[in-house]
Amino acid sequence: MTIAAGRTLSKSRILVVGDGLPTDIKGAAQNGFAAYFVAGGIHAIDMGDMKTPETLARTYGLIRHQFADLKLAGICDHLHWN
């Protein structure tokens, strides 16, 4: 259980969204949270364009290799807030 905004939440109800593998994604893995990786952030040059199946598969494999226990909810290039 985790406390957020004064409420107790199950870890299964928390999604970490982040662009940093050694910070955001690692933190999610270490704490048992699901994660959504934004590949177009600080790792954009390393990850490449997520529009091709090959690049997406390579990125997925890289994350799986580094964080075997991570519940990876998804990968995208960028997030846009309206």
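Mentor: What follows is a set of questions about a predicted model, each answered from computed values.

Trainee: What makes strand 3 and strand 5 edge strands?

Mentor: The open sheet has 3 strands in the order 3-4-5, with parallel pairing. Strand 3 (15–18) and strand 5 (71–76) each pair on one side only. From one strand to the next, the twist averages 20°.

Trainee: Which helices lie across these strands?

Mentor: Helix 1 (residues 21–31) lies across strand 3 and strand 4, at about 160° to strand 4. Helix 3 (residues 53–66) lies across strand 4 and strand 5, at about 145° to strand 5.

Trainee: How do you know that the length of helix 3 agrees with its number of residues?

Mentor: Helix 3 has 14 residues, and at 1.5 Å a residue they should span 20 Å. The end C-alpha atoms of helix 3 are 20 Å apart, so the two values agree.

Trainee: Why are the buried residues of helix 3 said to be on the same side?

Mentor: The buried residues are Thr55, Thr59 and Ile63. They cover an arc of only 70° around the axis, which puts them on the same side of helix 3. In general, an α-helix has 3.6 residues a turn, so residues three or four places apart point the same way. The face turned away from the buried side of helix 3 carries the exposed residues Pro53, Glu54 and His65. Covering the buried residues of helix 3 are, among others, helix 1, strand 4, helix 2 (44–47) and strand 5.

Trainee: Why is His43 called buried?

Mentor: Buried means under 20% relative accessible area. His43 has 12%, and is therefore buried. His43 sits in the loop between strand 4 and helix 2. Leaving aside residues up to four places away in sequence, His43 touches Asp19, Gly20, Leu21, Pro22 and Phe37.

Trainee: Which residues of the largest nonpolar core touch the most other members?

Mentor: Of its 17 residues, these are Leu21, Ile25, Phe37, Ile63, Leu70 and Ile75. Helix 1, strand 4 and strand 5 each give two or more residues to this core, and helix 1 provides the largest share, 3 residues.

Conventions:
Residues are numbered from 1 along each chain as its sequence is written. This is a predicted model: local features need pLDDT of at least 70, side-chain atom pairs count only at pLDDT 80 or more; totals for chains, interfaces and linings use all residues. Side-chain values use heavy atoms; hydrogens and water are left out. Two strands pair if DSSP finds at least two bridges between them. Helices (H or I, at least four residues) and strands (E, at least two) are DSSP runs, numbered from the N terminus. Axes are lines fitted to C-alpha atoms, for helices over the stretch in contact, and angles run from 0 to 180 degrees between N-to-C directions. Contact means heavy atoms within 4.5 Å. A nonpolar core is a set of buried Ala, Val, Leu, Ile, Met, Phe, Trp, Tyr and Cys residues joined through side-chain atoms within 4.5 Å. Buried means under 20% relative accessible area, exposed over 50%, partly exposed in between (1.4 Å probe, protein chains only). The expected span of a helix is 1.5 Å times one less than its number of residues. The arc is that of the directions from the helix axis to the C-beta atoms.
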